[in-house]
Amino acid sequence: MIRFGIIGRNFVVDWMLGAMAEVPGMQPVAVCSRNEETGREFAEKYGLSYVFTSVGAMAASDCIDAVYIASPNYCHFAHAEICLRAGKHVLCEKPATLTADETRTLVSLARKKGVVFLEAMRFVFDDALDIIEKNLPRIGVLRRAAVDFSQYSSRYDRIRAGEQNINAFTPALGNAAIMDMGCYCIHGIVRLFGKPKSVRASAVKLESGFEASGVVLMEYPGFTAEAIYSKVAQQVSPTTFLGEDGAILLDNINRTKRVWLKMRNGAEEDLGYEEKLPINMTCVLREFADYVTRGEQPEKRNQDSIWTMEVIDEARRQTGVCFSE
């Protein structure tokens, strides 16, 4: 049994706790909240036995074996470092850190302490990418991949109405479209094709300077891959892997329902993807538990996380996306 402490109380935590209930061997037992009263309310809601008001105190406790981190982006590195140094396994929401150097530091620390560090990037654990990878030879020579995660933020209407200081649109908290949406696309591309030869990026910013959308062009031998992302528009086109003989399409990388093949001659074929909604985090938890049980490091997963952050670092350098007031 892996006993989890939880850092964060947002909707993503609700989803993850729902997924934990579906995976044998997972037992959430504690929550860390700066406010003890709200922490106790959360603990009562989910039947958690312990409430902590500091990450250090929870990490030092022998009541947990692992920590799930879903605090704001800018807190991830500090919270993960504290927990890893205390000898706790860490499952951290995406983006796990704000820079590639931070990711390298956490991966190295986990290895030194003999515990598992894993980024909970749901899209790359889903078997949709396995299905795509298996069927790529059927579309001939790959020439272009366009991976799109454009989702109109539920909070953007408040921005348009003139409201200020909304967390989801605050760079000082480590937020930007490339961190909130683009990381899915970039990580998925890296998962399939590895580290790109080169990166070119462009971004659209709001009047406040917040990066609202962008495109990262990743060059590979013989083809290009585009990471297309937005927090201020809703995608209408599927993610597409285009080959000389046909294409593989995926409807939505965040809430996948279908993966299909469309050949140049017009023939179509459903590729048998099984929808996992509303709870699509179980694949992450099962793999995390497997690493913990076997006492193995997620070497490939962590390398992909590092390469993804290297791409994001370079894209941010080119577009001037920084995390400051």
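Analyst: One definition comes before the rest: Ala, Val, Leu, Ile, Met, Phe, Trp, Tyr, Cys and Pro count as nonpolar, Asp, Glu, Lys and Arg as charged, and the others, Gly among them, as polar. Please keep in mind that this is a predicted model.

User: How many nonpolar, polar and charged residues are in the lining of the largest cavity?

Analyst: A search of the whole structure finds one cavity of 30 Å³ or more, and the largest cavity has a volume of about 90 Å³. Among the residues that line this cavity are Phe 123, Thr 256 and Lys 276, and under the definition above Phe counts as nonpolar, Lys as charged and Thr as polar. Sorted in this way, the lining has five nonpolar, three polar and four charged residues.

User: Where do the buried residues of helix α7 lie when seen down its axis?

Analyst: Helix α7 covers residues 128–135, and its buried residues are Ala 128, Leu 129, Ile 131, Ile 132 and Asn 135. Seen down the axis of α7, these buried residues fall within an arc of 160 degrees, so they line one face of the helix.

User: What share of the 325 residues of the protein count as buried?

Analyst: A residue is called buried when its relative accessible area is under 20%. Applied to the 325 residues of the protein, this cut-off gives a buried share of 55%.

Key:
Residues numbered from 1 in each chain as written. Predicted model: local features only at pLDDT ≥ 70, side-chain atom pairs only at ≥ 80, totals over all residues. Heavy atoms only, no water. 1 Å grid on protein atoms, 1.4 Å probe; cavity = no way out; pocket = protein on both sides within 12 Å on 5 of 7 lines; lining within 4 Å. Points joined across faces, edges and corners; volume = space filled by probe spheres on them. Buried < 20%, exposed > 50% of the residue type's maximum accessible area, 1.4 Å probe, protein only. Helix = DSSP H or I, 4+ residues; strand = E, 2+ residues; numbered from the N terminus. Arc of directions from axis to C-beta.
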